[in-house]
Amino acid sequence: MPDLLALFDSLRPPPHSPADGICFAAHQLIGYPNHHVGKDESGNPALLVAVRPDVSHTRPAPIVLEHLTVQHDVECRLQQPDTTVRTGCFSVIRCLGADRALHEYFIRAVTPLVLQLPALPSHADIARVINSLVELFRLLTTPPRKAIQGLWAELFVIAQSSDHAQLIRSWHAVPEDRYDFCAGRQRIEVKSATGRFRCHHFSLEQLSPPLGTTVLVASLFVERAAGGDTVFDLVERLRLRVYEDPRLLAYVDQVVGATLGSGWRQATDFRFDRELAADSLRFFEAAVIPCINVQPPPEVTEVRFRSDLSRTPAADLAAHALEGDLFQAIHRAA
C-alpha cells in the first residue's frame, strides 16, 4: 500500500509563477503512472489523476466544499522530485486549509480510493471516487453520533480480533444500530467503562435479542493516557492488516466519518491506554447479564438501565467460536 502521507511530506511547495499556470510539486505513484500525489504552492495536498480520453465526455461541474475542491480536465504543470516536469490534463482533487490534521485526514481518506482506481481510469471511475470523498468531507460538518470513547472501543475490538476483515464486514453501517457487529445469527455489542468498574448502560432490547440469535457483550476499560492511541492510530493499524482490500479500508473511513462527524478534530487529541484495554477485555453472554426481568407493556419502549458485570461469569469463547465466523474471529481476543 503506497504511503501517500510520506510522499506528500517529502515534497516542497512549487515556486509561485503565474506564467506556469496551475503548478504542483508531485510524486507519481508506483504502479499508477497516471496518478500523482501533489502539493500546491500553499502546501495543500492534492490527488491528480489523468483520465482516459473520451470524445463524448462532458466536463462535470467543479465541486467546492469548505475544505475540498474538485476540478476536471485541468491543464497542470507537475514538478517531480527528479526535477523533471510533466504537463498534462488532470482531474484535481484538492484539500484546502492550512491545517496539518486536515491534510492527514484527506490523505488517509484518499489512499483506499486510489487503490480502487484502474491504472488509466475513465470519468465514471473518477466520479465514483469523488462521490465517496465528497461524502466523507460533508460528514465533517455533521454532529457527532457517538462518543469518541465508544468508537475507540469498537476499533480496538476489531484490532484485537484474529480476522480483521470479518469484523469490519460485520461492523454497523449506522452508529445507531442496536448492535455494533452482526453476522447471521451472531451479534456483538461493545461496552466501555472508565474508573475500573465494569458497569455499562444497556437497552432492554439489546439484552432481549430475536429468537435464535446469540449476543455477546465485549466489555473493556478505556482510560485517557498521554502515550496511548487515538482513533486514527487504530485505523492506521487496521489499514496495514487489510490493505489488500481497499473496499474495506474505505468502509472503515465511512463508519469513522459518520460516527465522529464534526468531532473528528477532537478525536486526533484523545488518546487511550491500549494495554489497559487489552488486559480488561472480557466477553459476556447477554443472557446472563443482570437485567430487568419484567417485560414492560407494549406502550413502554426504549427502556434503559445500568448493569454491574463485576460478578458475571465471562463467556467461553472457545465454545462460541464453533458457532461461526464472527465469534471465531474474536476467539482469543480476551
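Visitor: Which angles count as roughly parallel here?
Guide: Helix axes get sorted by the angle between their N-to-C directions. The cut-off to keep in mind for roughly parallel is under 35 degrees.

Visitor: So how are H2 and H6 oriented to each other in this predicted model, roughly parallel or roughly antiparallel?
Guide: Helix H2 (residues 100–115) packs with helix H6 (residues 231–241) at about 25 degrees, with the axes 12 Å apart. Roughly parallel means under 35 degrees. H2 and H6 are therefore roughly parallel.

Visitor: What kinds of residues make up the contact of H2 with H6?
Guide: From H2 come Tyr105, Arg108, Ala109 and Pro112, and they meet Phe232, Glu236 and Arg239 of H6. Sorted by type, that contact has no polar residues, three charged and four nonpolar.

Visitor: Which element gives the most to the lining of the largest pocket?
Guide: That pocket holds about 590 Å³ of space. Among its 26 lining residues, Glu189, Lys191, His201, Gln206 and Arg304 sit closest to the centre. Elements giving two or more residues are helix H4 (148–160) and strands S8 (186–193), S9 (199–203) and S13 (304–308). With five residues, the top contributor is S8.

Visitor: And which element gives the most to the second largest pocket's lining?
Guide: This one has a volume of about 240 Å³, and the residues closest to its centre are Asp3, Leu5, Thr111, Glu236 and Arg239. Helix H1 (4–9), H2 and H6 each give two or more residues to the lining. Glu236 and Arg239 also turn up where H6 meets H2. The biggest share, four residues, comes from H2.

Methods:
Residues numbered from 1 in each chain as written. Predicted model: local features only at pLDDT ≥ 70, side-chain atom pairs only at ≥ 80, totals over all residues. Heavy atoms only, no water. Axes fitted to C-alpha atoms, helices over the stretch in contact; angles between N-to-C directions. Parallel < 35°, antiparallel > 145°, perpendicular 65-115°, else oblique. Contact = heavy atoms within 4.5 Å. Nonpolar A, V, L, I, M, F, W, Y, C, P; charged D, E, K, R; others polar. 1 Å grid on protein atoms, 1.4 Å probe; cavity = no way out; pocket = protein on both sides within 12 Å on 5 of 7 lines; lining within 4 Å. Points joined across faces, edges and corners; volume = space filled by probe spheres on them.
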